[in-house]
Amino acid sequence: MVEPAKITARTSKPQTGEPLPHESAKLHVTGEALYTDDIGTPASALHAYVGLSQATHARIKNLNLDAVRNAPGVVCVLTASDIPGSSDIGPVYPGDPLLASDTVEFRGQILFAVAAVSNKAARRAARLAEIEYEMLPAVLDSQTGHELESYVRPMHCQRRGDANAAIAEAPMKLEGAFQSGGQEQMYLEGQVSLAIPDEDGKMLVYSSTQHPSEGQKLVAEVLNIPLSHVTVQVRRMGGAFGGKETNANQWACLAALLANKTSRPVRLKLSRAEDFILTGKRHPFLSKYKVGFSPSGEILGLEIDLFGDCGMSPDLSDAIVDRAMFHIDNCYYLASVTVRGYRVKTNKVSNTAFRGFGGPQGILAIENVIEEIASATGLDPLVVRQRNFYRPSDNRDTTHYGQRIEQHIIQPLVARLIINSEYHKRKNEIHQFNKTSAVLKRGIAITPVKFGISFTVTHLNQAGALLHVYTDGSVQLNHGGTEMGQGLYTKVVQIVATTLQVDVGDISCTATRTDKVPNTSPTAASSGSDLNGMAAKQAAETLKHRLSEFAAKHFAVDTSAVQFASGHIHIGGHTLTFAELARLAYVNRVSLSAVGYYRTPKIHYDRSLARGRPFYYFAYGAAVSEVIVDTLTGEYKVHRVDICHDVGESLNPALDLGQIEGGFIQGMGWVTNEELVWDDEGRLLTDGPANYKIPGVGDTPVEFNVELLPDSPNIEATIFHSKAVGEPPLMLGISVWAALRHAIASLEDYRVSPHLPVPATPEKVLLSCDGLRNE
Amino acid sequence: MTTFILDGALHTASDQCPETTVLEYLRETLHRTGTKEGCASGDCGACTVVLAEETEGNKLRYRSINACITLLGTIHGKQLLTIENLACGGNLHICQQAMIDEHGSQCGFCTPGIVMSLFAHSKSGADQGRNALLHSLSGNLCRCTGYKPILSAGSLINMHSGGDHFDSLELEVLKELRAIQPFDSTEDADGREFKICTDIAEVATALERSPQARLVAGSTDYSLEITQGLAEPELLISVGRVKEMNTCGAVSGGLRIGAAATLNEATPLLLQHWPSLEELLLRFGSPQIRNQATIGGNVANASPVGDTPPVLLALGASVELRKGVATRTLPIREFFHSYKKTALESGEFIVSIFIPFNHNDATVRAYKVTKRFEDDISAVCMVAHWSKVNNRFADVRIAFGGMAEIPSRGKACESVLEGSSFDLQTIDKAALALSEDFSPIDDLRASATYRKRLASNLLRRAFLAETCSDSELRVTEYG
C-alpha cells in the first residue's frame, strides 16, 4: 500500500503565463533572503582587502609591504609571486593579471591582497603599502588609442555591397561623429566572495556571480588544482546587469588563494568606491559615419566605424564590439553597408558586459544617423524609421550579416504603439505648445528595438538542469542559470510545474552550484530562461515519461492512458496524487532523479566571412517618450512613456513587465544622467552613488504605460514560444534621448539638427540649446 | 552604555567603539543581516532603518535613517526598528504585503530599505499623495524595477487606513523609553570616547579642553570620514540632545534655529516664513539625511556646495558662536573664509543661527540645479532676495553655492541691481556682472562654463518668475 503523502495535491491553474510573484518576494520583503555577504561564518573567518595602484600606467619599481604585514590584525599578505597556479584570469584571452607585478595599466589596478581579522583591519592595512612607480604615458580615450593603433583585439569588419559607391551616387549625404558614454552597473549588492577551504585542498566558494562555472575554472587554475576540487555556489545576487559576468572572478580567486594559504574561511567584499574603481563598465563608443540617402529618407549606403573603449584588456570586448556591429542595423534594412569595429585599448579599467552588451551602443549609433537624416530631409524621424524598416517584400528582409528576418513584428508593433500613444495628436499639441512657450520646450520621439537573441559565441548556447522528486512528492530543481532579480528561478519553477502538473509551491529551486549542474554558461545575453527553462523542461519530461511508463506497467494500462493533470495522475481508472505516485515509484525502485540538457538549434556564424545566422530569433519593442526641457538650465523631465514590447508568449507577464519597466529606466539612465567622469590622469572621479546618479524614484514618468505585444508567439520552438526579455527593453530608453533632441530642435523651428551626445545631462542639453541659438 | 529598544526589549550595546555605525553593529555584532549595505555613504538607502522616539502628545515619532552613517551612540534612548521587526505573528506588515502584491522587488537587495522607508512614510501622518510618496522614497535607489511597482505599492499603502500593530504598542514603548537612563560617555579599550552632552556648558568645556574633538549631531557628513576614510577618532562629542542647540523658534525680529536642529525639524518653521524655499529644502539630501543632518553642521562644514549657506547668505542670517563661556555673533557672510575654512576658532562652535524676518514685500527665490532632481549635490544653487521699491530693485542679496570655493554672494551683480530699474535689462546687466564675481571650476558635477551659464540664467529665471507662473518656467511642475 502507498503511505499517505505529506503534501496534498492542490488544484492548479496552468503555471506558465501566470503573473506569479517572484519566488523570493516574501524573503525579500522580510529581509530573510540571504545574499553572499549574509552567510554566517565561523569566528575563525578572515576578511580580505586589496591594495590599489596609485598610478595609471607605470612600471612598479618597488613594492614594499612591510607596513601592511605589520599592521594590526593582519594574518596574510598575498602578491603575484604567491600564486601557485595561473596568474592571469582573462576569461577569453589573457590580459587580466589577478595581481599586477611588473606593470600597472589602469589607476587602481590591484597589486596585492591582505587578509586580516576584520574588514576594517584589512582595509586599513591595504592602504599602508609603499610603492615606487616609473610613470609611463597613459592613453585615456579611444581616439588617441586608435591613432596609436593600440587595440586589445584586431578590428573586425562586416559588409554588404559597395557602401562607398552607394554613398557617392546617393542624392543626399551626411557625415558625422557621435559619442556615447560608459555606464556603471551599480548593482545594489557590491562584489563579494566567501571562500571556505575543505579537506584535501578542496575549496567551496560563495560568490556573487553570473558565471559560477567560470569562477570555478579560474579558482582551480590559480590554485593549480582540478576543477573537480572547486565548488562555486550562488543563491542570488543583489543585481548584476553584466557586471558580475567576468568581474566577479577576481574576488573569488583572491578569497580562495587567501583561504588556501591560511586554511581559514576568507570573505572579500569591496567597498563601493573600490567597486566603482576596480570593475568594468559599459564601453563608451564613438561612431564615425558617412551615409547616403534619398530625399524620402531611405538609406542607400552607410559606412560606419565603431570605436569601443575597451580599457586595458580584452575581457569580453571582442564579443561586445561584435554585438554592436550586429546591431548597427537595428530595425533597418541597410542595402549597402560597411561596419568596422575597433577594440581600442586605453589605460582604464577593462570595460565589460552591461545589459545589452554592445547592442545599445550599435543601436544608438544608427538611431543618431536616422535623426540626422530626418533633420536633413525635414521628415518626421518616425517616417524615416518606418521607410527603412525591414519588410518581407522587395528583398528587404536580410541583415548585413546574412540572417533572414523571419518574423516581421516591428511594423505592426510600431503601428499599434502610434495609435495607443496618440503619437500624432500629441506631436501636434507639442508643436503648438512650443510656439508659445518661451522657456520650456516639449519633445516627443518613438524609437524601435530589434535585438538578436543567442550568445554570438555559439558554444555558450547550452544549458543543463537537475531535477529530484522526493518520496513526499516535493520536487527539488536545480539549473545552471543564476538569479539576479530577473525572476529566472520563478520562471523555471513555473515551467517545471506546468510540465509535471504540480503546484509551484511543491517545487524548490536550490542555489546554483557547479557540483549540481556542471560546465554552465553565464546567465547573460538574455538567455537565462530560454536555455535553462528548456533544460529543466527536458528533465521534467524525462521524469514524467519514466513515471508514466512505470505507472502504465504497474496498473497494466497503456502509457497513453496515463495523464498528469492538476497535481493528479490518472492511470486508466486509477487516480493518484503526484506524491502517491512518487512514493509508489520509489518502493518499486524507479529512479526519481533526472538531468536535462538543451542546446539552441539552427544557429551558426562564420566570423571569417561575417555571415551566418548567429541569432535564434529577434525580440522587438518600441517606446514613445515625451519630455519637457528648461532651455535656461537644461533641466528636463520625462513625463510620459508608452511602450509596446514583444515577449512572445509570456512565461510570466508580471516578471516580464518588471524587466521592461526596469530595463527602460536603466536605458534612460544611460542616455541621460549617468555620467562617468575621469580626471586628466585617469582617476575615476565619479566613484559612488553620491556623484554617479542612477535614476531615482522621481525620474519615473508620471504616465508610464507598458504593454506586452498581444497574440504574438515566438515562431521558433522556444520554451512555450516565449521570448527573452532581459536586455532588449534597455534600448527603449533611447527614445528619451531622441525626444530631448526633438525638444531642443524646436528652438530653431526644427530646421537645425541639434548635437546631443550621450549621456545627455542637463549640462549637455543646455550646451545643445546654446549651440542652436548661436547658429 | 548605549541602550535602546530592539525587538521590544531594552538592548545594551556591547560595542564601545566611538565610530561604530548602527549598520556595522547590526550586521557584524548581532549577525542581523536583513539590513543591507549598499554604499556605506548614505546615498542608496539599502540600509534604511527607522528610529522611534517620543514626541509631543504622548506619541511616538518614526523617522527613517541611514544605518550606515548613523553612529551607534546617537541612538541611545530610542527604539530601533529594522526590517526584521515589521512582520507580526506570521503576518506581513502592509508595507511588505503591498510590495509583494505589486511585484515591487526584483533582486531584493534594496527591498528591506524600501520597505522601511514605506513604513516611515505610513507612520508620518503627513499628506499621503504621490508627491509625499516620492519624497519619502527619494533616498532609496532601486536598480531593477524602475520604481513603478514600488510607487504602486506606496499607493496601496496610502489607501490603507487600518493602522498596524505598532500603534497598540506605543504606550508600552514610551514607558520603556522614558526608563532609559541618560548616559554621558562610553570609552573603548583604547580610551577612545563617544560623549553625549545634554548641556551646552558641557559642550563648551569639553571642546575647549579637547579642541581636536569632533562635534557630531546627525554625523551625515562626518561618518564618511569613518566609512570611506577609516578614521579612528579619539573623541566624538554628540550635541544632538543639547536643548539650546536643538530647538528652533521665533524670537524678536526673526527665527532662531538651533545648530543641532535637523533639517526636517527646522523646515516647517522656515517654510512658514519663506514658503518659496520649499523645493530647495525638500531636495536637500534625502528624507533619511534630512532626519539627521543639521543646518549647523551644513554651515560649519563650509562646503562650497552645501545648500543652506546660500539661503542664509541671501536672508542675511547671522551665527551665534561660543567658546568656553564667551559667545559672539557673526554675520554669516563673514563666517566662510576659504575652502572649508571658517571663522571658528579652536574650541569654538556654532550654537544657533538667527535669520531676520524680511520686509513684507521681499521676494525670495531658491533654485538648485543637479544632474538628478532627488538626492543630488548642487552644480549651482542660487538664492535671490530682493524687494521692489518704486519700481527699482532694493535689499538685493544674491547668494550662490557651487560658484566659488566658499558659498558667496555676487557683490558686483548685487550692486548692478541695487537701486536700478526693475526690468529685464537690469537683470541682463547684473548677469554679466556675475563674471566679475565668480570664476567657477570644472569638476565632476559641472564645467565652469555651465556653472557660469546657470548662474546668469537662474538670475533671469528669478526675475521671470515675477510675472510668469511655475508652469511656464519649471519642468518640476511636470512630474
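Predicted model: local features only at pLDDT ≥ 70, side-chain atom pairs only at ≥ 80, totals over all residues.
Local features are described here only at pLDDT of at least 70 and side-chain atom pairs only at pLDDT 80 or more, while totals for chains, interfaces and linings use all residues. Residues are numbered from 1 along each chain as its sequence is written, and chains are lettered from A and ligands numbered from 1 in the order in which they are written.

View 1. Helices (H or I, at least four residues) and strands (E, at least two) are DSSP runs, numbered from the N terminus. For the classes, Ala, Val, Leu, Ile, Met, Phe, Trp, Tyr, Cys and Pro count as nonpolar, Asp, Glu, Lys and Arg as charged, and the others, Gly among them, as polar.

**View 2. Domains 2 and 3 of chain A.** Chain A is split into domain 1 (43–55 + 57–137 + 185–278), domain 2 (285–456 + 607–773) and domain 3 (462–599), with bounds from an automatic or database domain assignment. The C-alpha centres of domains 2 and 3 of chain A are 39 Å apart. Their contact takes 16 residues from domain 2 and 17 residues from domain 3. On the domain 2 side, ten are nonpolar, five polar and one charged.

**View 3. A loop proline, Pro522(A).** Look for Pro522(A) in the loop between strand S20 (512–513) and helix H15 (528–554) of chain A. Is Pro522(A) buried or exposed? Pro522(A) counts as buried because it has 27 C-beta neighbours inside 10 Å; buried takes 20 or more other C-beta atoms within 10 Å, exposed 12 or fewer, and partly exposed is in between, with C-beta atoms placed from the backbone. Leaving aside neighbours within four places in sequence, Pro522(A) is in contact with Gln210(A), His211(A), Glu214(A) and Glu245(A).

**View 4. The nonpolar cores.** A nonpolar core is a set of buried Ala, Val, Leu, Ile, Met, Phe, Trp, Tyr and Cys residues joined through C-beta atoms within 7 Å. The largest has 275 residues, and those with the most contacts inside it are Leu740(A), Met382(B) and Leu459(B). S27(A) gives the most to this core, with ten residues. A second, separate core has 62 residues, including Ala55(A) and Val349(A). Back in the largest core, Leu459(B) touches Met382(B), Ala384(B), Ile398(B), Ile427(B), Ala430(B) and Ala431(B), not counting residues up to four places away in sequence.

View 5. H6(B) covers residues 165–179, and its end C-alpha atoms are 22 Å apart. H6(B) is hardly covered, with one buried residue among its 15.

Note on methods. Contact = placed C-beta atoms within 7 Å. Expected span 1.5 Å × (residues − 1).
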